[in-house]
Amino acid sequence: MKKSRFSRFALAALIVLASVMAPQFADAMPHTLKELRAMTDQLIKTGLVHGDIPSLNSPAFVEVREASMGLEANDPVFVVPLPDGVRIYPQKILVWHEVVNEVIKGEPFCISYCPLSGCLAVYAARANNQNLILDAEGRLFNSNAVLIDRNTGSLWSQMLGVAIDGPLTGTGLRILPCYWSNWGHAREFYSDAKVLQTPRGGWRNYNRDPYGSYLTPDNYYDDERILYPLTRLDSRLPAKTQILGLEIDNNFMAVDVNYIRKVKVANFYSGLTPLVAIYDSRLDVARVFERSVWEGHSPALFVWQDGVLRDIQTRSEWDMDGRCVRGNLEGASMEQKFGIYAFWFAWAAFNPETELVPGPTVVPDSALVMGDGVAPR
């Protein structure tokens, strides 16, 4: 899979140690030392300290067949394509550890999950020529985990992927692809994947989530409780709505995952960048692609018609990987865009300027009429 150029979360270098800031960063980005220090000053203590939530480091994996004995079809899992193949991380394990540190072919990776903010983010964990080892530090900002690296003691925002305090202040990590799916879909689609093995021994009950369950109502994951302070609260969506958060060309977008499940296709814009979100039933996920299919022409517009994804300009048929498989554009492909998963309240607290799908940037159905006058859906 292509690697995302996720500019806001994947800063290429240290922020300039000065009060004058580069204009390409959006307002919500903590882009001065003063702002970074302000974040650090607002960290919320939870009663937990570094070491209370132990990360998993180079853990063991099992085959799908063996993992199926301990997982139900609806159990949420995190699917991560890595250099040696796809790995699957059950949420019921990560809720107790929050960070998995991997080294694959000499390259470090951090799979991170914060249950309080519902934030799933995967990073290439190399900074300042060091393979970082990250842990949950215990404190929070905007109800989102603060991480600490063992290398330098720097503090990191899990959602931003940016060091907010310590020797690596201002350094950003490159974000990598991941999917929030469930075991039933993941085991079918990635039958050869490696699955994180349930750690042996210890006091943790991996069949009990301390926050409740994503599969049943009336618990932390679906009610309106926000347990720790926020810098702001945005009421445009219910607080615990799961969104796919993206930054594209310095614009912030939040794609409502359940909305895409319902409508199947949504054409929209992030600034001037034309995008389409499609529902991939194979993994039960929303995927986002750039709609600029051919240079010098208007962006493609897509509809879901009779169970097939088509562009309205040529009626060509496209698959869920953004490739044209039949029609005049056969062989063409779209670039996929990756981001992080989070609860709406946390994403919006970090990014108050974020736009929404659904929202005013979505292309209306009236513009999606096929050449024969047939409307989509």
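Analyst: The model is a predicted one, and in it helix α1 (residues 33–41) lies across β10, β12 and β13, running at about 75 degrees to β13. These strands belong to an open sheet of four, in the order β10-β11-β12-β13, with antiparallel pairing. Its edge strands, each pairing on one side only, are β10 (134–141) and β13 (162–165), and the twist from one strand to the next averages 40 degrees. Within this sheet, β11 (residues 144–149) and β12 (residues 155–157) pair in the antiparallel sense over three bridges, and V146 has S157 in β12 as its bridge partner.

Turning to the side chains, the aromatic pairs come to 15 when the whole structure is searched. One of them joins F78 and Y113 in a tilted arrangement, with 5.1 Å from centre to centre and 50 degrees between the planes. Because F78 lies in strand β3 (residues 76–82) and Y113 in strand β6 (residues 107–114), this pair ties together parts that are 35 residues apart in sequence. F78 is buried, its relative accessible area being 0%, and Y113 also counts as buried, at 1% relative accessibility. A further pair, that of Y179 and F338, has ring centres 6.3 Å apart and planes at 70 degrees, so it is edge-to-face; the cut-off behind that label is an angle over 60 degrees. Since Y179 lies in strand β15 (residues 179–182) and F338 in the loop between β26 (336–337) and β27 (340–343), the pair ties together parts that are 159 residues apart in sequence. Both Y179 and F338 are buried. Ring pairs also link F78 and Y113 into a cluster with W180, Y211, Y214, Y220, Y221 and Y341.

Charged groups meet rings as well: R87 lies over the face of F61, at 4.6 Å from the ring centre, and K240 lies over the face of F343, at 5.8 Å from the ring centre.

Among charged pairs, the count comes to 18 salt bridges. In one of them R261 pairs with D284, the closest N and O atoms being 2.9 Å apart. This pair links distant parts of the chain, with R261 in helix α5 (residues 257–263) and D284 in the loop between β20 (273–280) and β21 (285–290), 23 residues apart. R261 counts as partly exposed, at 25% relative accessibility, whereas D284, at 14%, counts as buried.

D321 takes part in two of the bridges described here. With R282 its closest N and O atoms are 3.2 Å apart, and that pair links D321, in the loop between β24 (317–318) and β25 (324–326), to R282, in the loop between β20 and β21, 39 residues apart. D321 is partly exposed, with a relative accessible area of 25%, and R282 counts as partly exposed too, at 29%. With R287, the closest N and O atoms of D321 are 2.7 Å apart; because R287 lies in strand β21 and D321 in the loop between β24 and β25, this pair ties together parts that are 34 residues apart in sequence. R287 counts as buried, at 4% relative accessibility. Through shared partners, salt bridges join D280, R282, R287, D319, D321 and R323 into one network.

Notes
Residues are numbered from 1 along each chain as its sequence is written. This is a predicted model: local features need pLDDT of at least 70, side-chain atom pairs count only at pLDDT 80 or more; totals for chains, interfaces and linings use all residues. Side-chain values use heavy atoms; hydrogens and water are left out. Two strands pair if DSSP finds at least two bridges between them. Helices (H or I, at least four residues) and strands (E, at least two) are DSSP runs, numbered from the N terminus. Axes are lines fitted to C-alpha atoms, for helices over the stretch in contact, and angles run from 0 to 180 degrees between N-to-C directions. Contact means heavy atoms within 4.5 Å. Rings of Phe, Tyr and Trp (its six-membered ring) pair if their centres lie within 6.5 Å; planes under 30 degrees apart count as stacked, over 60 as edge-to-face and the rest as tilted. Buried means under 20% relative accessible area, exposed over 50%, partly exposed in between (1.4 Å probe, protein chains only). A charge sits over a ring if NZ of Lys or CZ of Arg is within 6 Å of the ring centre and within 35 degrees of the ring normal. A salt bridge is a side-chain nitrogen of Lys or Arg within 4 Å of a carboxyl oxygen of Asp or Glu.
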